[in-house]
Amino acid sequence: MLSLISFLRSSVQDNYVPYSAYTDAIKRFSCSFREVETAVFNEGWMPRRYHRNQHSLSQKDQAKLFHAHVLIFGCGGLGGNVAEFLARCGIGTLTLVDGDVYEEHNLNRQNFSTPATLGMAKANVVSDALMRINPALQVNALHRYFDSTMLDVLNGKDVVVDALDSPEVKLLLASTCKTQKISFVHCAIAGWIAQCTTSTNLSYLYKESGKGAEANRGNLSFTASLGASMQAALVVKILLGKETLDDTLWMIDFNDNESIQIPMKI
Amino acid sequence: MIITVKLFAQYREGRFKIEQKEYKEGITAQFILDELGISEDHLPLGVLMVNSRHQHPDIVLKDGDILALFPKVGGG
């Protein structure tokens, strides 16, 4: 009797397995997309969907990303975009945490917001959208706000993404990651400005409670996407052992076309 | 004493990117924040650095210091 591996092997071309082999395998072997994708990586093959990652990410890199679990706090302008970038890049498991529902003023920048999703929980909408992008993913959605009663959700995660919109809660998350020694990627946006760092010393940025310039200047679509791009790249770099921003805050000012690096070390 | 003030992001609106000015001895960074009209109401203070080191607004400035001011950025 033909095994799943043998069946998949017959579809491999240049080490890539096409999506059509997945759908055929699922019908034939009553398995899940995830089981197929796991087998593909275990055999040293690549899903064809990652063909355009080639040579920027190796097969081993791609397999590492598939086996990683990233926790994203906030599914708005930053978080929704980060979630999509990471899903498309190949992160295999994502947990999304956000207590919000979509509101009309989200439509200017939150990638999965549409008139049809107004009033729906962001974590759930983003989760469903990611599963449509790649059914081999595992996506957990928590329709809750992060607070000090849910610190154990960080357990066992490889990287934590700060896509929150409250400096106070960002500080709590940063200090929790510092205590639990979990890799952390901060990002924040305001108007034309995006900043990111993998340092947990956010007290340099947030001396007092209360919102920042975003309360008065809003957030533009491309600023949210820019910040999310910086974050997604840093998540992947952490997982692959590449250089991160542990001692630096990288700020990009789209208005003045400027890139600034601010030291974050004590 | 001469202080170089560098403003970043939205703090530049209606002001400048970099300016050198004469100030009397013994003033704090807060004095300059107040003089520039940087108010908590609209664009709260984020990073404040003197000679590339993080400081609080009550730091007393010295001749030749470079003061860098960034608005707080906290959106997601």
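**Reading strands, helices and chain contacts**

A: This is a predicted model. Let us begin with one pair of residues: Val50(B) has Arg53(B) of E4(B) as its bridge partner.

Q: How many bridges join strand E3 of chain B to E4(B), and in which direction do the strands run?

A: Strands of a sheet pair through backbone hydrogen bonds, either parallel or antiparallel. Here E3 (residues 45-50) of chain B and E4(B) run antiparallel and are joined by two bridges.

Q: In what order do the five strands of the open sheet in chain B lie?

A: The order is E2-E1-E5-E3-E4, with mixed pairing. Strand E2 (18-22) and strand E4 (53-54) of chain B are at the edges; each has a single partner strand, so one side of each lacks a neighbour in the sheet.

Q: At what angle do helix H5 and helix H9 of chain A cross?

A: Two packed helices are described by the angle between their axes and the distance between the axes. The axes of H5 (residues 77-89) and H9 (residues 221-239) of chain A cross at roughly 45 degrees and come within 8 Å. H5(A) is therefore oblique to H9(A). Their crossing is right-handed. Among the residues making the contact are Leu78(A) and Phe85(A) of H5(A), and Ala228(A) and Val235(A) of H9(A). The contact comprises 10 nonpolar, six polar and no charged residues.

Q: How many residues of chain A are in contact with chain B?

A: On chain A, 33 residues are in contact with 17 residues of chain B. Elements of chain A giving two or more residues to this side include H5 and helix H7 (167-180). By class, this side of chain A has 15 nonpolar, 11 polar and seven charged residues.

Methods:
Residues numbered from 1 in each chain as written. Chains lettered and ligands numbered in written order. Predicted model: local features only at pLDDT ≥ 70, side-chain atom pairs only at ≥ 80, totals over all residues. Axes fitted to C-alpha atoms, helices over the stretch in contact; angles between N-to-C directions. Helix = DSSP H or I, 4+ residues; strand = E, 2+ residues; numbered from the N terminus. Parallel < 35°, antiparallel > 145°, perpendicular 65-115°, else oblique. Left-handed = near helix turned anticlockwise from the far one by under 90°. Contact = placed C-beta atoms within 7 Å. Nonpolar A, V, L, I, M, F, W, Y, C, P; charged D, E, K, R; others polar. Pairing = 2+ DSSP bridges.
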